[in-house]
Amino acid sequence: ALEPAGSLVSVIVREAPAAGSAERAVEALGGEVGRPIGIIDGFAARVPEGRLDELRRASSVLSVTPNARVHLNHAIDGYNPADDAGSWFHTAKSVKADWAWSNGFTGRGVDVALIDSGVVPVNGLTYPGKVINGPDLSFESQAEHLTYLDTFGHGTHMAGIIAGRDDGKDPTQGNHDDFMGIAPGARLLSIKVANAMGAADISQVIAAIDWVVQHKDSNGMNVRVLNLSFGTDGIQDYTLDPLTFAVEVAWHHGIVVVVSAGNEGFGNAKLNNPAYDPYVVAVGASDTKGTFTTDDDVVPEWSSRGDGTRNPDLVAPGKSIVSLRSPESQADQSHPGGRVGSRFFRGSGTSQSAAVVSGAAALLLERHPNATPDQIKRLLTSTATRMPVADPVAQGSGVLNLKDAIRAPLPQHTQTWPRATGLGSLEAARGTGHVVDDGGELVGEVDIFGTPWDPEEWTRRSWSRQSWSGGDWMGGDWSGSGWTRQSWSGMSWERRSWSRQSWSRQSWSRQSWSADVWDRQSWDRQSWSRRSWSGQAWSATNWSRQSWSRQSWSSAAWGGEPVAAESTA
């Protein structure tokens with residue numbers, strides 16, 4: 001290693017066009033790379049005083065000029081993002097998303113579908129036109145005061161990482177003190193499938209994917225990315241599995257599907273389903289150790305490394321990531337230690353890492369609007385930066401590097417893996433996780449209504465984008481009156497549905513989220529009519545805490561300390 005040549009001095013470095021990486025030149029001389037300054041295509045840096053002349057002679061450097069030291073002291077809600085290795089400021093900077101913003105790439109014109117536990121309209125997700133609601137397919141869809149809302153806390157956290165943006169803020173101006181997701185100019189399409197306990201059956205997830213594919217271009221939408229911070233421990237061959245078939249349908253219809261690799265301690269050695277499908281982008285987690293270089297980055301032990309045949313494609317920050325909080329949600333109440341001020345929440349897992357890469361895919365699709373999913377995947381993996389001290393298998397191609405990905409030419413690439421048929425078992429796709437009510441577990445080749453699963457009919461309709469007809473999926477009423485054409489019309493949340501009155505403290509008080517709300521009296525047969533929720537076993541009793549055992553939609557930890565056994569995504 002180079003010995004320091006004098007004390008470090010603060011300078012502004014301008015990069016020579018198309019001449020390599022000036023950041024690497026700084027680091028090679030024992031310097032430290034600081035914040036980007038996009039308007040001059042440069043960045044701040046601290047360099048050993050005795051090596052300034054060497055830096056000026058580097059072919060990748062246009063100029064080096066003195067700079068007064070600048071300290072970021074701005075606090076948000078009593079929280080300074082510059083001092084936290086898991087903040088959006090650090091996350092964006094570590095993958096060089098801030099460089100993309102300063103060069104005009106924010107994900108504008110790209111819609112990212114988020115199949116999760118819903119979202120809530122907190123600052124960061126209320127920017128005009130930021131969120132569109134698709135159908136609510138969760139077990140809470142018939143409760144008007146819960147429709148679309150993130151009662152679990154996972155979906156809001158992911159939404160913030162992917163495309164959050166504080167009201168009135170322009171990310172291209174380089175003010176990273178305000179909350180910004182990786183693609184702050186992108187729009188979010190939210191499909192709620194999980195309830196307050198994280199409960200969702202595989203049939204709900206498949207129906208949601210079908211809806212996204214069928215409506216990706218409807219009413220002015222341009223859905224090019226699908227985020228699935230979700231997984232099961234199902235192990236049937238991916239060429240048979242219904243869930244992998246569903247994500248491949250999305251992939252081959254032009255949608256980049258980004259899936260969390262999974263967290264160790266759940267299930268088996270394989271990546272989770274559907275991350276083990278070789279077509280999709282499977283994302284593991286990295287730990288930045290609080291620095292902006294990759295020299296000390298590692299893959300946390302809880303991030304799934306795969307079985308040696310199918311491993312993560314790449315990694316992205318996933319340790320103690322700070323994003324938006326859903327007040328009084330299940331995660332918020334169960335893990336108060338995860339709260340950061342009153343606005344934010346901290347969580348660890350490959351869920352967060354997948355959300356980072358989904359935002360990155362939106363930026364690349366703004367750069368290359370006609371790119372295929374195969375090309376975007378190759379662009380992500382071919383420009384990732386290897387982490388020298390990290391597990392070589394668990395890191396895949398390395399950690400996400402948006403600066404190199406945006407600068408690189410679009411590669412010509414077509415994946416030729418055997419394609420999934422979807423003709424396997426729905427029950428096997430569930431793995432060991434099942435939703436339960438007082439009547440027992442939902443098992444077997446049936447959907448949530450007890451309707452027999454017909455894989456041949458479903459695969460035919462899914463591929464031809466005909467599985468949905470209005471609010472009906474595969475001939476059954478799935479969304480009912482809870483979803484209307486107006487709610488996904490390309491506008492932001494309907495003012496009537498998201499009025500201040502409906503979001504008063506009374507609506508989100510601890511009393512309204514007490515255990516009494518979730519007992520049999522609240523969710524009796526009358527409120528869950530047989531007409532809407534038919535099937536002998538699924539007639540409307542409450543969905544207990546055992547549902548998914550908090551495994552499918554939770555992260556490795558809420559609060560920053562990973563507990564791998566609690567999660568799959």
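The model is predicted, and the protein chain has an average pLDDT of 81, with 79% of the residues scoring at least 70.

**Confidence**

- The pLDDT falls below 50 over residues 69-74, a stretch that has 13 contacts in the model beyond near neighbours in sequence.
- Residues 562-569 also have a pLDDT below 50, and this stretch has 43 contacts in the model beyond near neighbours in sequence.

Two packed helices are described by the angle between their axes and the distance between the axes.

- The H6 and H7 crossing is left-handed. On the H6 side the contact is formed by Ile202, Val205, Ile206, Ile209 and Val213, and on the H7 side by Pro242, Leu243, Ala246, Val247, Val249 and Ala250.
- By class, the contact of H6 with H7 consists of 11 nonpolar residues, with no polar and no charged ones.
- The crossing of H7 and H13 is right-handed. From H7, the residues Pro242, Phe245, Ala246, Val249 and His252 meet Trp458, Thr459, Ser462 and Trp463 of H13.
- The contact of H7 with H13 includes 6 nonpolar and 3 polar residues, and no charged ones.
- Pro242, Ala246 and Val249 of H7 are among the residues that meet H13, and these residues are also among those in contact with H6.

**Helices H9 and H10**

- H9 passes H10 in a right-handed crossing. Val357, Ala360, Ala361, Leu364 and Leu365 of H9 make the contact with Ile376, Leu379 and Leu380 of H10.
- The contact of H9 with H10 comprises 8 nonpolar residues, with no polar and no charged residues.

**Aromatic pairs**

A pair of aromatic rings is described by the distance of the centres and the angle of the planes.

- The structure contains 9 aromatic pairs. In one of them, the ring centres of Trp88 and Phe179 are 5.1 Å apart and the planes lie at 70°, so the pair is edge-to-face.
- Trp88 belongs to helix H3 (residues 88-94), whereas Phe179 is in the loop between helix H5 (154-163) and strand S7 (187-192), so the pair ties together parts that are 91 residues apart in sequence.

**Backbone geometry**

Most residues other than glycine have a negative phi, and most peptide bonds are trans.

- The peptide bond from Asn273 to Pro274 is cis, with omega near 15°. Pro274 is located in the loop between strand S9 (256-260) and strand S10 (281-286).
- Glu328 is not a glycine, yet has a positive phi of about 65°. Glu328 lies in the loop between strand S12 (321-324) and helix H8 (330-334).

Technical notes. Residues are numbered from 1 along each chain as its sequence is written. This is a predicted model: local features need pLDDT of at least 70, side-chain atom pairs count only at pLDDT 80 or more; totals for chains, interfaces and linings use all residues. Side-chain values use heavy atoms; hydrogens and water are left out. A crossing is left-handed if the near helix is turned anticlockwise from the far one by less than a right angle, and right-handed if clockwise. Helices (H or I, at least four residues) and strands (E, at least two) are DSSP runs, numbered from the N terminus. Contact means heavy atoms within 4.5 Å. Ala, Val, Leu, Ile, Met, Phe, Trp, Tyr, Cys and Pro count as nonpolar, Asp, Glu, Lys and Arg as charged, and the others, Gly among them, as polar. pLDDT is the predictor's confidence in each residue, from 0 to 100. Rings of Phe, Tyr and Trp (its six-membered ring) pair if their centres lie within 6.5 Å; planes under 30 degrees apart count as stacked, over 60 as edge-to-face and the rest as tilted.
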